[in-house]
Every structure is written in C-alpha cells, then in structure tokens.
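Hi everyone, thanks for coming. Let me put the structure up on the screen, and then I'll walk you through it.

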Amino acid sequence: MSIDSDVIQKVIAYGVLIPAIVVHEVSHGWAALALGDTTARDRGRLSLNPIRHIDLWGTILLPALMVLAFGFGFGYAKPVPVNPYRFRDYRMGMFLTGIAGPVSNLLLAVGGGILFRLADTTAGVAGGGGLALALLGLTAFYFVLMNLSLLFFNLIPLPPLDGSRVLPLFLSDRAMDAYHRVEQYGFVILFAFLWFSPRLLGFDPIDLYFSVTVDPLLGVLTGAGR
C-alpha cells in the first residue's frame with residue numbers, strides 16, 4: 001500500500017463502485033425471477049452489462065462527485081423492474097427482492113477482502129511486490145469499502161432504499177396504504193435527511209452509522225480502516 005496519490009485513489013474508488021452498483025441492481029431482478037416474476041428478465045435487465053443499467057445522474061455524476069468530495073460514494077443504477085403482484089406472498093417477496101441487493105454487496109465485499117489479504121500477504125513475502133501488486137491491493141481495498149458502503153446505506157429504512165422493503169413485513173394493510181402514499185416522495189425525504197440532519201443534529205448521522213457498521217466489518221475483512 002505504498003501508493004499515496006489522491007487522484008489514483010479516487011479513480012480506483014469510482015471505478016470499483018460501478019460494478020458494485022450494477023451487481024446490486026441485477027440481484028434484485030434475479031431474486032424476483034426466483035420468486036416467479038419474469039419482468040426483469042423479459043426486459044433484458046438481468047445482464048451484467050453496465051450499459052443496460054447506467055443512469056446518468058445516479059451511476060455516473062453522483063458517485064463521481066461524492067468520490068471527489070469524500071473519497072467514497074454512493075450511487076444507483078436504473079431500477080430493475082419488479083412486479084410484486086406476481087409473488088405468491090407480496091410482502092415477503094418485496095422483502096426478499098429488496099434484501100438481495102445488500103446481500104450481493106456483502107458477498108462482493110467478502111471476495112474483495114480475500115483478494116486484499118492475498119495481495120497484502122504476497123507483497124510481504126515479495127518484499128513490497130512492486131507497483132502492480134500495490135494497485136491490486138488498493139483496488140481490492142476500495143472494492144470492499146464501496147460494497148460495504150452500499151450495503152449499509154441501502155439498509156437505511158427510508159424509501160426508496162432497500163431497508164424500506166423490510167417495513168411491509170410489519171405493517172397492517174391500513175399502514176401499508178399510508179406507506180405507499182409516502183413512498184412516492186422517497187427521494188425527497190432521503191435527500192432532505194442527508195442534507196439537513198447534520199445541520200440540525202450537529203453531527204453527521206451517516207458517518208456515525210458507518211463508524212459502527214462499515215468500519216468494523218472493513219477491519220475484519222481487510223485488517224485496515226478507511
């Protein structure tokens with residue numbers, strides 16, 4: 001880990017975020033297909049080809065701006081279409097398709113952690129290992145960080161994030177109707193929360209949240225911190 005260039009680190013951080021976002025989104029479609037909904041498959045959205053999923057703002061501009069500003073970022077792809085009315089159990093189907101994205105990011109983070117430790121061990125044995133090995137380790141580290149960030153950010157129980165898909169399991173039919181009315185304003189509520197909560201509370205709740213979720217697991221998987 002001898003590379004200190006801030007530019008290289010940010011380019012790598014942005015580069016590994018794209019596949020993490022794409023796999024996350026495709027996982028929703030695969031889960032829906034397993035539960036009997038063929039909508040995503042019928043519309044060609046089960047492909048890992050990024051072009052099929054890229055959203056100009058959510059996949060390119062927003063992650064790039066966040067990486068430039070903070071060194072890591074979030075993003076989203078075009079939502080994979082899901083028809084929950086094709087599920088035998090609407091609420092459980094929504095939960096399983098919703099949680100599939102974060103689970104995919106967890107699996108990717110574990111894989112990235114293994115790769116990081118292999119690169120780190122090899123570099124130690126080789127007495128440094130050179131630039132290529134250092135870049136591999138740095139890429140693996142940021143791959144873990146980005147996937148964990150996506151995982152835990154998406155578990156926040158605010159629509160349209162995946163954590164909101166857990167709520168229907170515990171809501172009555174009347175509460176579900178109210179939830180659906182609020183859900184259409186999900187992005188507004190989410191961005192208002194991200195923007196105003198640090199100013200109202202005097203601290204960043206997302207950073208605090210990550211400090212007890214992302215950071216410990218990042219340490220377990222890589223032995224390093226963000």
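Let's begin with Arg 91, which counts as buried at 19% relative accessibility. Here buried means under 20% relative accessible area, exposed means over 50%, and partly exposed is in between, using a 1.4 Å probe and protein chains only. Before I go on, a word on the source: this is a predicted model, so local features need pLDDT of at least 70 and side-chain atom pairs count only at pLDDT 80 or more, while totals for chains, interfaces and linings use all residues. Residues are numbered from 1 along each chain as its sequence is written, and side-chain values use heavy atoms, with hydrogens and water left out.

So what does Arg 91 pair with in a salt bridge? The partner is Asp 173, and the closest N and O atoms are 2.7 Å apart. This pair links distant parts of the chain, with Asp 173 in helix α6 and Arg 91 in helix α4, 82 residues apart. When I say helix, I mean a DSSP run of H or I with at least four residues, numbered from the N terminus.

The rule used here is a side-chain nitrogen of Lys or Arg within 4 Å of a carboxyl oxygen of Asp or Glu. By that rule we get four salt bridges.

Another one of them joins Arg 165 and Glu 183, again with 2.7 Å between the closest N and O atoms. Arg 165 sits in the loop between α5 and α6, Glu 183 is in helix α6, and the two are 18 residues apart. Arg 165 is partly exposed, with a relative accessible area of 21%. Then there's Asp 42 with Arg 41, whose side chains meet at 3.7 Å, N to O. Asp 42 is exposed at 51% relative accessible area, and Arg 41 is partly exposed at 46%.

Okay, on to α5. How many residues does α5 have? It has 25, and it reaches 36 Å from its first C-alpha to its last, close to the 36 Å expected at 1.5 Å a residue. That expected span is 1.5 Å times one less than the number of residues in the helix. And α5 is mostly covered, with 19 of its 25 residues buried.

That brings us to the largest nonpolar core, which has 34 residues. A core here is a set of buried Ala, Val, Leu, Ile, Met, Phe, Trp, Tyr and Cys residues joined through side-chain atoms within 4.5 Å. Tyr 142, Met 146, Leu 148, Phe 153 and Phe 210 have the most contacts inside the core. At least two residues each come from α1, α3, α4, α5, α8 and α9 (214–222). The biggest giver is α5, with 13 residues.

Now the largest pocket, which holds about 1200 Å³ of space. Tyr 76, Phe 153, Leu 161, Phe 187 and Leu 190 are the closest to its centre, out of 40 lining residues. On a 1 Å grid over the protein atoms alone, a pocket is an open set of points where a 1.4 Å probe fits, with protein on both sides within 12 Å along at least five of seven lines, and lining residues have an atom within 4 Å of a point. Grid points are joined across faces, edges and corners, and the volume is the space filled by probe spheres set on the points.

Which helix gives the most to that lining? That's α7, with seven residues. By type, the lining divides into 26 nonpolar, seven polar and seven charged residues.

One last stop, at the loop between α5 and α6, where Pro 160 lies. A cis peptide bond joins Pro 159 and Pro 160, with omega about 10 degrees. For context, most peptide bonds are trans.

Conventions. Ala, Val, Leu, Ile, Met, Phe, Trp, Tyr, Cys and Pro count as nonpolar, Asp, Glu, Lys and Arg as charged, and the others, Gly among them, as polar.
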